[in-house]
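Here is a short briefing to read alongside the model. Keep the viewer open and follow the residues as they come up.

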Amino acid sequence: MLHAAPNFPDRLYRVWGTVTDVAPGLIQIAGISGFSRLGNEVRVQTRLGEVQGEVLAVSGEHVKAMMYGDSGDIRIGDRVHLEQEADVEPGDHWLGRIVDYRGTIQGTAKNAAAPNTRKRPLKAAPPENTARKGLGDRLPTGWMITDTILPICRGQRLGLFAGSGVGKSTFLGSMAGGVQADRVVIALIGERSREVNEFVHKTLPKDVQARTVIVAATANDPPGAKKRAALCAIAAAEHFRDEGHQVLFLFDSITRFAEAHREVALAAGETPALHAFPPSTVRAIAEIAERTGPGTAQQGDITAIFSVLVAGSDMEEPVADMVRGVLDGHIILSREISERGRYPAIDVLRSVSRCLPDAAAPEENGLIREYRRTLALYEEIAPMLRANLYERGHDAEGDRAIDLFPHLDAFVAGPNPGGIPQAFGHLDSLLHPDVTPVPVKS
């Protein structure tokens, strides 16, 4: 049904339909099929207020939509307004605030006016491949390990793989404070509401909050709301990137986003595959990842860290396998390491940064290879040490690895307030304790 829209100068009409069927989280709408396409948003006018949703399927007579809010208040015959575009209005007014999946700042009126903003589509294409810059300079992170062995470059996209309770959120919070960035955008998808509050007030450094946007959708939110919150967060990061800012984008977690996409896709009729994840899950993850990364010459960059929640520390589970293939490296947090009390519990030998070796000077790459070689040798010897089968004096390299291991292990947990050159100088002194450290190029 068409209605004139004098208050909408950019449109000649508004499209209204009628609810004909209601199921948990889903509704069917008549009267808008000829005007709808996948991804359009709808707003259902109920007696208790407005409920927002997204078009999942379009047929000749009906449209199926998944609701972002509770569908329990929706009745047969309720009117539905079709939104032609799904958009959001990010800006500096979001800084220092928590935003929900609608783009509404928590604690403010739903339609509060925002100064100097413009609407951005939730679903946007990444910059053209040929126009994008390469990875930028290495970024100081505040940790010895990520300033040397696992460096992060401007515009890089990393995965942080961890089981529950091994320090994933704490490490992400430290990255927010340690990595140089003009703006920080954090997507908290599927977290417990208590954890959102704790992340803001305890984990996130105070001096970072004023330049940070947090977009949150908690565990009890419908799957459509979690997907929209993720898109809202990446739209905010793109907004700041287009303004020329260097952006740090922290996404916790891509696993909850994939699970929300699975619920939405299965409700739309997609065929389930491995672990019931439909084939479109790979594309949905890749679309999020590709919207981050280096911008064009006129833009800033989006340096991104995506956390991946791996059940039982299984690095081969479907989401972990999907994410590894689209990112520029991965950092693995080990439960075994966390249980012996070393944080961050990074498993160095299983982690990799794909910006190497290009991101480091030849001398630095030599130190990185020596560190990994020494650590790998100790890991090979460790079972014999535990069984009391290793005898000193027969293998000088093995003896050296045993002597150095406590220091190399502590190096991973060491803070680094002095920058990248100082971190490499410290690494050189650990590997060669009896030799005067050679200055390393930054």
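**Salt bridges and packing**

E195 is partly exposed, with 24% of its relative accessible area (buried means under 20% relative accessible area, exposed over 50%, and partly exposed in between, with a 1.4 Å probe and protein chains only). The model is predicted, so local features need pLDDT of at least 70 and side-chain atom pairs count only at pLDDT 80 or more, while totals for chains, interfaces and linings use all residues. Residues are numbered from 1 along each chain as its sequence is written, and side-chain values use heavy atoms, leaving out hydrogens and water.

**Charged pairs**

- E195 forms a salt bridge with R192, with 2.5 Å between the closest N and O atoms (a salt bridge is a side-chain nitrogen of Lys or Arg within 4 Å of a carboxyl oxygen of Asp or Glu).
- R192 is partly exposed too, at 48% relative accessible area.
- In the whole structure, the search finds 25 salt bridges.
- One of them joins R120 to D242, whose closest N and O atoms are 3.1 Å apart. R120 sits in strand β10 (residues 120–121) and D242 in helix α4 (residues 223–242), so this pair ties together parts that are 122 residues apart in sequence. Helices (H or I, at least four residues) and strands (E, at least two) are DSSP runs, numbered from the N terminus.
- R120 counts as buried at 12% relative accessibility, whereas D242 counts as partly exposed at 32%.
- E259 and R256 form a salt bridge with closest N and O atoms 3.2 Å apart. Both lie in helix α5 (residues 254–267), three residues apart, about one turn of the helix.
- A network of salt bridges links R132, R157, E290 and D328.

**A buried charge without a partner**

- Look for E317 in the loop between β15 and α7.
- E317 is buried but has no salt bridge, and R324, the nearest side chain of opposite charge, is 7.6 Å away.
- Setting aside residues up to four places away in sequence, E317 touches V308, L309 and V310 (contact means heavy atoms within 4.5 Å).

**Strand β12 and its partners**

- Nine of the nine residues of strand β12 (residues 183–191) are buried, so the strand is largely enclosed by the rest of the structure.
- β12 pairs with β14 in the parallel sense over six bridges, and A187 stands opposite F251 in β14. Strands pair if DSSP finds at least two bridges between them.
- β12 also pairs in the parallel sense with strand β13 (residues 212–218), over seven bridges; here I186 stands opposite I214.

- The buried residues of helix α6 (residues 280–290) are S280, T281, A284, I285, I288 and A289.
- Their cover includes β11 (157–162), α4, β14 (247–252), α5, β15 (302–309) and α7 (318–324).
- The largest nonpolar core has 56 residues, and those touching the most other members are I145, I149, I186, I346, V348, Y371 and L427. A nonpolar core is a set of buried Ala, Val, Leu, Ile, Met, Phe, Trp, Tyr and Cys residues joined through side-chain atoms within 4.5 Å.
- A second, separate core of 50 residues includes V99, A233, A289 and F306.

Methods: Lys, Arg positive; Asp, Glu negative; His and termini not counted.
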